[in-house]
Amino acid sequence: MPTRFQFQTYFTYWLDAVNRHSLHSPFFFDFYTRVVVPTPRPSRLETLESIRTSLLQNTTHLTIQDLGAGPQQGRTTSRTVQSIARTSISPERFAHLYHRIVRHFGHAHVVELGTSLGLNTLYLAAAGAQVTTFEGAPEIAGVARGVFAQQPAARIRLMEGDITNTLPAYLVSSGKVDLAFVDANHRYEPTVRYFQQLLQKVHAQSMLIFDDIHYTPGMQQAWEEMRRHPLVYGSADLYRCGILFFDPSLNKQHVVLQY
């Protein structure tokens, strides 16, 4: 159930959000009309939604340590796959949005922090990207591997282990990152740390997407600090997620988009 804070931040978002009629920036007008505005689901993605259905019906119990935010943080708990799916998989319209972004911009090297059950990963890979995805919980990573096996042509590399350790080790030898989707530890300090680490590998056409930017006061603080960073030249707030752009030609533009 949404918290009072989330109700307040959504009301602010609702007041500020604009559509194409109020966008004067050519870049953001094009981004909104050609990428953000929903389109019918392509037939190639229908199998991914059938995977979503099966995950939401899967009653298998997993014993996991919660590494994210919330009251269960750090505790070992037993959860069903379907309960994880209900809270951790992006809604179809956002998963489809991330797919459209990768496809429209031709992102080839994608990093995902927070694999969870792997459905979002498949949406990113289905757009033609090579996806390196990071998951801290071994039991959840095991389910994700089974999900990936249903799409054997997808180019996915799963990095299992605490992202605190696995991400820096990976970035040492990785090339530039075209897009990163961050849906891992939803707290201020880890979010800002991931951002700072990923900054080492961005280029002018890179994009960083952060999930749940208005989930808590800490996440909202992280979002405000990140979008004001000197290397960030554009940002888009879609309430559930925030997108950062690094092209100097954007000249420090920030938009709140209806979605």
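Where does His96 lie? His96 is found in helix H5, and that helix is one of the stops on this short tour.

1. How to read the model. This is a predicted model, in which local features need pLDDT of at least 70 and side-chain atom pairs count only at pLDDT 80 or more, while totals for chains, interfaces and linings use all residues. Residues are numbered from 1 along each chain as its sequence is written, and side-chain values use heavy atoms, with hydrogens and water left out.

2. Helix H5. Helices (H or I, at least four residues) and strands (E, at least two) are DSSP runs, numbered from the N terminus. After H5 comes Gly106, with a positive phi near 65°.

3. His96 counts as buried at 5% relative accessibility; buried means under 20% relative accessible area, exposed over 50%, and partly exposed in between, with a 1.4 Å probe and protein chains only. Other buried residues of H5 include Phe94, Leu97, Tyr98 and Ile101. Setting aside neighbours within four places in sequence, His96 is in contact (heavy atoms within 4.5 Å) with Thr39, Pro40, Arg41, Pro42, Leu45 and Tyr123.

4. The second largest pocket. The pocket's volume is about 470 Å³, and of its 17 lining residues the closest to the centre are Pro2, Gln6, Asp212, Tyr239 and Arg240. H1 supplies the largest share of the lining, four residues. By class there are eleven nonpolar, three polar and three charged residues. Here Ala, Val, Leu, Ile, Met, Phe, Trp, Tyr, Cys and Pro count as nonpolar, Asp, Glu, Lys and Arg as charged, and the others, Gly among them, as polar.

5. How pockets and cavities are found. On a 1 Å grid over the protein atoms alone, a pocket is an open set of points with protein on both sides within 12 Å along at least five of seven lines; a cavity is a set where a 1.4 Å probe fits but cannot get out, and lining residues have an atom within 4 Å of a point. Grid points are joined across faces, edges and corners, and a volume is the space filled by probe spheres set on the points.

6. Two loop residues to look at. Asp212 lies in the loop between strand S7 (207-211) and helix H10 (217-227), and Tyr239 in the loop between strand S8 (234-237) and strand S9 (241-245). Phi is positive at Asp212, near 55°, and at Tyr239, near 70°. Most residues other than glycine have a negative phi. Asp212 is buried at 18%, and Tyr239 is buried at 16%.

7. Thr9 meets Tyr239. Thr9 belongs to helix H1 and is buried, with a relative accessible area of 7%. Beyond its neighbours within four places in sequence, Thr9 touches His214, Gln220 and Tyr239. The Thr9 and Tyr239 side chains make a polar contact at 3.1 Å; such a contact is a pair of N or O atoms within 3.5 Å, and within protein one must be able to donate a hydrogen and the other to accept it, with residues adjacent in sequence counting only if both atoms are side-chain atoms.

8. The cavity. The count is one cavity of 30 Å³ or more. The largest cavity holds about 50 Å³ of space, and its lining includes Ser88, Glu112, Leu117 and Asp183.
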